[in-house]
Amino acid sequence: MTDTTSGTVRLRATLESVPRYVAGKPATEQPGRTTYKISSNENPYPPLPSVLDVVRDAMQTMNRYPDMGTVELRDAIAERFGVHPDEIATGTGSVGLLGTLLQITCEPGDEVVYAWRSFEAYPIVVGLSGATGVQVPLDGEARHDLSAMADAITERTRLIVVCTPNNPTGPAVHAAELDEFLAHVPRDVLVLLDEAYLEFNRDADAADALAVWRKHPNVAVLRTFSKAYGLAGLRVGYCIAHEQVASALRTAAVPFGVSHIAQRAAIASLAAYDELEERVVALVAERDRLLIGLRDLGYAVPDTQANFVWLPLGDRTLDFAAAAEEAGVVVRPFAGDGVRCSVGEVEATDRLLEVAAAFTATGR
């Protein structure tokens, strides 16, 4: 008889070195005071009524499988951005698509080049794929050092990820520097432009990702409905890629990964984008108010084109996060590096600026 009481199941050794994703903490209720969660880059506005109506209707058929090919959603994305539906793949948020991109580009031992610090999911999905992550430090202005990233390319490089605007620091990659960088990338290496925060970008020098994609057969563009569209809880993103890559993404996708509710909500959000854009404009204005306020207090906040700001606080990071939480506003600390603060309600901005002023005044 087999002994089922001893021993352990053999799991992949790579799990031991893969970091765990740390989600933004929710705000803990405090008696007599409203608390704010600005730790996850969420859109603070509730879903549009028109989108909620579509979601309610879609719930009536959740006993059925969704359209595995997401045909209507791909058609809607294609129409909005002037591409062909065959050049689009969808997935469970941009993170889900990124994982699939690793599956279709990398064998164990291949290399993935990306900036650091950047989106904390990158080392996780790269590690799980069996590939080796090559982290290239940001420059002194918290921006991608594309020259150093070009120097990091080897014959083992299969994927390069460029996060623009960069999460968690905020700056966007500029068109001229991206063109120069792509001239040094071998044509058989895929370059992924991760534009999760595209809609908040107001940098006139920023690269036009779709124009870059049209020019380069080895470029793909990754986007999400989680941020500006406010569908973070439904998990739906999309990748615009040339047909070879887009087709491979659809082949490798988890069957029925994007729910019917998510598909209908995304289509409705595209149709209502003019209304959603009013919210984006308001968030950009609030972002700029927060940025100016923090700089006026003496904080060295880098430029940001996303819906968050970055405070490079080094070894004071956890102290600032604790002070903010005590004051009823939860931020996202990256120990030893800095604090990312999402743009939320006007009251949340006011509270954060109060915390920042007190933190500086006390010398903490």
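This is a predicted model: local features need pLDDT of at least 70, side-chain atom pairs count only at pLDDT 80 or more; totals for chains, interfaces and linings use all residues.
Local features require pLDDT of at least 70 and side-chain atom pairs count only at pLDDT 80 or more, whereas totals for chains, interfaces and linings use all residues. Residues are numbered from 1 along each chain as its sequence is written, and side-chain values use heavy atoms, with hydrogens and water left out.

The protein chain is divided into domain 1 (24–46 + 273–362) and domain 2 (49–272), with bounds taken from an automatic or database domain assignment. The C-alpha centres of the two domains lie 25 Å apart. Contact (heavy atoms within 4.5 Å) is made between 24 residues of domain 1 and 27 residues of domain 2.

The largest nonpolar core has 64 residues, of which Met149, Ile160, Val162, Phe181, Val191, Phe225 and Ile240 touch the most other members. Helix α9 (residues 260–271) supplies the largest share of this core, 7 residues. At least three residues of this core come from each of domain 1 and domain 2. A second, separate core of 26 residues includes Leu97, Tyr122, Leu222 and Cys239. A nonpolar core is here a set of buried Ala, Val, Leu, Ile, Met, Phe, Trp, Tyr and Cys residues joined through side-chain atoms within 4.5 Å. Buried denotes under 20% relative accessible area, exposed over 50%, and partly exposed in between (1.4 Å probe, protein chains only). Helices (H or I, at least four residues) and strands (E, at least two) are DSSP runs numbered from the N terminus.

Val162 is placed in strand β5 (residues 157–163) and is buried at 0% relative accessibility. Beyond residues up to four places away in sequence, Val162 touches His144, Leu146, Met149, Val173, Phe181, Val191, Leu192, Leu193 and Asp194. With neighbours within four places in sequence likewise left aside, the contacts of Phe225 include Leu73, Ile77, Ala266 and Leu270.

Leu73 and Ile77 are among the buried residues of helix α2 (residues 71–81), together with Arg74, Ala76, Ala78 and Phe81. The cover over the buried residues of α2 includes β2 (88–91), α7 (209–215), β7 (219–224), β8 (237–240), α8 (243–252) and α9. Gly82, with a positive phi near 70 degrees, follows α2.

Val329 is found in strand β10 (residues 329–330) and is buried, with a relative accessible area of 0%. Its C-alpha atom is separated by 6.8 Å from that of Leu352, 23 residues apart along the chain. Apart from neighbours within four places in sequence, Val329 is in contact with Tyr36, Ile38, Ala324, Arg351 and Val355.

Most residues other than glycine have a negative phi, and most peptide bonds are trans. A cis peptide bond joins Trp116 and Arg117, with omega about 15 degrees; Arg117 is found in the loop between β3 (111–116) and α4 (121–129). The bond from Thr164 to Pro165 is also cis, with omega near -5 degrees, and Pro165 is found in the loop between β5 and α6 (175–182). Positive phi values occur at Thr70, near 45 degrees, and at Arg235, near 60 degrees. Thr70, in the loop between α1 (49–59) and α2, is buried at 4% relative accessible area. Arg235, in the loop between β7 and β8, is partly exposed at 34%.
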